[in-house]
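Take a look at the chain shown here.

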Amino acid sequence: MAHQSILEFSTSGRGTRNITDAVERAVRESGVQCGLAHVFVQHTSCSLTITENADPDVRRDLETIVSGLAPDGDPRYRHDTEGPDDMAAHARTMLTDTGLTVPIGGGRLLLGTWQGIFLWEHRTAPHRRTVVVTVLG
């Protein structure tokens, strides 16, 4: 059995947004009790991550780490069509991921106690993002 949901999220610019509840809702609506949820973001300048859901300092620190790896406005970048954060956002997406797979048991995501699913916006301006949740069971 397969079920697919399309979720839309608005971001407020660079940073993380917890989307666990929305993905969990899609899993419940699928009716699948045991299987897999694949979560995929349809963009090249944001990503998905599973990380700490209790202490926001973890996500701030991750942003600090990634900003050091892919800084805005690096003069070595050639692609800057949409501004100094353009190429950095693409690099950050490549360093993280656009898709995640989470097991389902008892009709719910089997995330650990401190885990949450986050949409990680890498652009500095707000954007509208589309996430596809495919549930197989």
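What follows describes a predicted model, part by part.

## The sheet

Start with the strands. An open sheet is built from 3 strands, in the order β2-β7-β4. The pairing is antiparallel. At the edges lie β2 (15-18) and β4 (46-52), and each of them pairs on one side only. From one strand to the next, the twist averages 35°.

Now look at one pair of strands. Strand β7 (residues 115-121) and β4 are joined by 7 bridges in the antiparallel sense. Thr51 has Gly116 in β7 as its bridge partner. Ser47 stands opposite Trp120 in β7.

## Around strand β4

Is β4 enclosed or open to the outside? Of its 7 residues, 5 are buried, so β4 is largely enclosed by the rest of the structure. In general, side chains in a regular strand alternate between the two faces of the sheet.

Helix α3 (residues 86-95) has the buried residues Asp86, Ala88, Ala89, Ala91, Arg92 and Thr93. The buried residues of α3 pack against β4 and α2.

## Leu119, in strand β7

Leu119 sits in strand β7. Leu119 counts as buried because its relative accessible area is 1%, and the cut-off for buried is under 20%.

Which residues does Leu119 contact, beyond its neighbours within four places in sequence? Among them are Phe9, Thr11, Gly15, Thr16, Ile19 and Val41. Cys46, Ser47 and Leu48 are also in contact with Leu119, and so is Arg129. Arg17 is another contact. In sequence, Leu119 and Arg17 are 102 residues apart. In space, their C-alpha atoms are 5.2 Å apart.

Val102 belongs to strand β5 (residues 99-105). Val102 is buried, with a relative accessible area of 2%. Leaving out residues up to four places away in sequence, Val102 touches Gly35, Leu36, Ala37, Ile50, Leu109, Leu110, Leu111 and Ile117. Take Gly35 from that list. Val102 and Gly35 are 67 residues apart in sequence, and 8.8 Å apart in space from C-alpha to C-alpha.

Ser5 lies in strand β1 (residues 2-10). Is Ser5 buried or exposed? Its relative accessible area is 9%, so Ser5 is buried. Setting aside neighbours within four places in sequence, Ser5 is in contact with Ala26, Val131, Val132 and Val133.

## The cysteines

How many disulfides does a search of the whole structure find? The search finds 0. As background, a disulfide is a covalent bond between the sulfur atoms of two cysteines.

Cys34 has 62% relative accessibility, so Cys34 counts as exposed. Cys46 is buried, with a relative accessible area of 0%. Recall that Cys46 is also one of the contacts of Leu119.

Notes:
Residues numbered from 1 in each chain as written. Predicted model: local features only at pLDDT ≥ 70, side-chain atom pairs only at ≥ 80, totals over all residues. Heavy atoms only, no water. Disulfide = S-S within 2.5 Å. Buried < 20%, exposed > 50% of the residue type's maximum accessible area, 1.4 Å probe, protein only. Pairing = 2+ DSSP bridges. Helix = DSSP H or I, 4+ residues; strand = E, 2+ residues; numbered from the N terminus. Axes fitted to C-alpha atoms, helices over the stretch in contact; angles between N-to-C directions. Contact = heavy atoms within 4.5 Å.
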